[in-house]
Amino acid sequence: MYRPLSFAPTYDAATVPVLGGAAWLDARAPWPTSIHGHALLHLASFPTTFIRSHVPGLDLASGLIISVFTSYVASGQQRFEEVMNQGGRVIAHWPGHERTASPCPQIGPLRICAGAPMAEGQAPHESSKLGGRPYWLQDEESEDLAFVLQFDAFDLDTAAPTHRGILIGGMGYLLLDRNIRSPSMDCGRFVIQTT
């Protein structure tokens, strides 16, 4: 079973799952950078309570936020290199008391909404979803990490037209460590695959 994901206008808050917007980093969490040293784009944040309520088998400390950052270079060869080689960074942090200003133009913010549970065969393979089985992702990509969700390029391009092409026409997969009990600057992976 999985839940389809959709995006709706929202206020920018640390208490709901959000696509884009400001990152609510606490003072101990530095802004992640790319393999070339420039600031990554804040793609999404999820309270651990949201993830735990929809994805079984994870031991995530209450109160933590899982934030996903990814490369977004508008054009040029470097864009593809960073996206395909790095994908993104996944960090766990306590929510800050105020928004952390983004060093790059931000997406949205848009609230990430989880729909009603559906059986795996009920939806097209290429769709954003929470839980269930990932489409396209190879076993070796996930290592010992748990699949949490996938973002489809078409869905993100539609929801965030200012950042069209962020997934290079493919899929982005959020994979997490199964046990996250404290803040971490490396608690999972955001893998981008394209054809």
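User: Leaving aside neighbours within four places in sequence, which residues is histidine 42 in contact with?

Analyst: This is a predicted model, in which local features need pLDDT of at least 70 and side-chain atom pairs count only at pLDDT 80 or more, while totals for chains, interfaces and linings use all residues. Residues are numbered from 1 along each chain as its sequence is written, and side-chain values use heavy atoms, with hydrogens and water left out. Contact means heavy atoms within 4.5 Å. With neighbours within four places in sequence set aside, the partners of histidine 42 are Gly20, Gly21, Ala22, Ala23, Trp31, Ser67, Val68 and Phe69.

User: Is histidine 42 buried or exposed?

Analyst: Histidine 42 is found in strand E4, residues 41-47; strands (E, at least two residues) and helices (H or I, at least four) are DSSP runs numbered from the N terminus. Buried means under 20% relative accessible area, exposed over 50%, and partly exposed in between, with a 1.4 Å probe and protein chains only. Because its relative accessible area is 1%, histidine 42 is buried.

User: Which backbone oxygen lies 3.1 Å from a polar atom of the side chain of histidine 42?

Analyst: The backbone oxygen of alanine 44 lies 3.4 Å from a polar atom of this side chain. The one at 3.1 Å belongs to glycine 20.

User: What is the relative accessibility of arginine 89?

Analyst: Arginine 89 lies in strand E7, residues 88-93. It counts as partly exposed because its relative accessibility is 26%.

User: Which residue has the backbone oxygen that the side chain of arginine 89 reaches at 3.0 Å?

Analyst: Leaving aside neighbours within four places in sequence, arginine 89 is in contact with Pro32, Thr33, Leu40, Ser67, Val68, Phe69 and Met185. Its C-alpha atom is separated by 7.1 Å from that of proline 32, 57 residues apart along the chain. The backbone oxygen reached at 3.0 Å is that of methionine 185.

User: How many residues has the largest nonpolar core?

Analyst: A nonpolar core is a set of buried Ala, Val, Leu, Ile, Met, Phe, Trp, Tyr and Cys residues joined through side-chain atoms within 4.5 Å. Leu43, Phe46, Ile51, Phe151 and Leu176 have the most contacts inside the largest one. Leucine 176 touches, among others beyond four places in sequence, Ile51, Leu60 and Val90. The largest core has 37 residues.

User: What share of the 195 residues in the protein is buried?

Analyst: The protein has four helices and 14 strands. Among contacts between residues at least 6 apart in sequence, 72% join residues at least 24 apart. Buried residues make up 51%.

Terms used
A polar contact is a pair of N or O atoms within 3.5 Å; within protein, one must be able to donate a hydrogen and the other to accept it, and residues adjacent in sequence count only if both atoms are side-chain atoms.
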